[in-house]
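Subject: Structure handover

Hello,

I am passing on the structure we spoke about. Please look it over first; my notes on what was found follow below it.

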Amino acid sequence: MEHPENNEAYKGLAVNAGIEQPASVNPYLKNGHRRKKPRLSVSDYVEGIIKGDITVLSRAVTLTESTRPEHQSVAQEVIEKCLPYAGNSIRVGISGVPGAGKSTSIDAFGLHVLEQYGGKLAVLAIDPSSERSKGSILGDKTRMEKLAVHPKSFIRPSPAAGSLGGVARKTRETIVLCEAAGFDKIFVETVGVGQSETAVHSMVDFFLLIQLAGTGDELQGIKRGIMEMADGIVINKADGDNLEPARLAAVQFRNALRLFPVPESGWTPQVFTYSGFYNLGVKEIWDMIYRYIAFVKDNGYFEYRRNAQSKYWMYETIEEHLRDSFYHNPCIKAMLAQKERQVLQGELTSFVAAKSLLDAYFKSKREWTSNDEIEES
């Protein structure tokens, strides 16, 4: 086709015809058609996971995170069949205020433990989601440059998506899948200081709290109760001009820990300084973690804590299913907007409205059960 710019009226301008475009690298993208991934059966998932196939493991984790009922039924069956192969790992929860250097520290910790102790490492990072757009950046891999390309590591960020409890449960299920795939070290990175710590604490063996020096009152952590859960506290960015403030902060934290009662494990939390960026003091932190694991295995607390966590998640799962059952009940869906409007207009108190909804829910359940019994008879 002749370009109008080549007309005599546009002297001094010329447009080249260009070159022929190369063929598409992916022939399946031609005409908008994509090759669909083959659907895997439960046995395919389990077999691939046990063999350590990262692709199959990733797809299984995606299946676990899905909210579709058909995906959840397959995921639960896969997790159940993977359970006999799970449990043989050290689970470490890592928390700290935003900007404390959690991702950089995980990169340094992970590289050290893989080089010194071998094995395989899985990093499960819970990424905060926007309250407005509901989206997550999921960019933890960009801050874990060395681990992201390490052949023995697996990094999986998961969006919080406003449902911390649901994500925490799915993270626990992902731990089972990773352990079945042969990962003997699991890192769980939290969103930041807040309610997520309680959930993560209930699924790990060792809880590491990362702090910073020179950010105001170093003892603010006491007020949040976060220090009560910590099995070890480390002060990051202990380098250059910040070395002395970091040492001072460590002394303050050690003094603060003396005010707390002895933990149920019998272990006294220790405080260290280190630099994740310059990889200084990382060995001492891992020596502490392994000392702790040996200590709690020796006194029986390790097995006790794992059993207590399993019981905790059983009750959490019951509560989650009951909540879902309530809000997805057709009777409740029809009544909810009306009761909400009555509460806002001052016609009903919150408690009366809640009791009315619960009574309607239990009544619908009783009627549903009665109808099933009649049909069976």
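Helix H2 (54-65) and helix H3 (69-82) each contribute at least two residues to the lining of the second largest pocket. Please keep in mind that this is a predicted model. By type, the lining of the second largest pocket has six charged, five nonpolar and three polar residues.

Two single residues are also worth a note.

Glu173 sits in helix H7 (residues 164-180). Why does Glu173 count as buried? Its relative accessibility is 10%, and buried means under 20% relative accessible area. Apart from neighbours within four places in sequence, Glu173 has contacts with Thr64, Gln76 and Ile79.

Ser265 belongs to the loop that runs between helix H11 (243-257) and strand E7 (270-273). Is Ser265 buried or exposed? With a relative accessible area of 6%, Ser265 is buried. Its side chain reaches the backbone nitrogen of Trp267 at a distance of 3.2 Å. Once neighbours within four places in sequence are set aside, the residues in contact with Ser265 are Tyr292, Phe295, Val296, Asn299 and Tyr301.

Regards

Notes: Residues numbered from 1 in each chain as written. Predicted model: local features only at pLDDT ≥ 70, side-chain atom pairs only at ≥ 80, totals over all residues. Heavy atoms only, no water. Helix = DSSP H or I, 4+ residues; strand = E, 2+ residues; numbered from the N terminus. Buried < 20%, exposed > 50% of the residue type's maximum accessible area, 1.4 Å probe, protein only. Contact = heavy atoms within 4.5 Å. Nonpolar A, V, L, I, M, F, W, Y, C, P; charged D, E, K, R; others polar. Polar contact = N/O pair within 3.5 Å; in protein donor to acceptor, adjacent residues only side chain to side chain.
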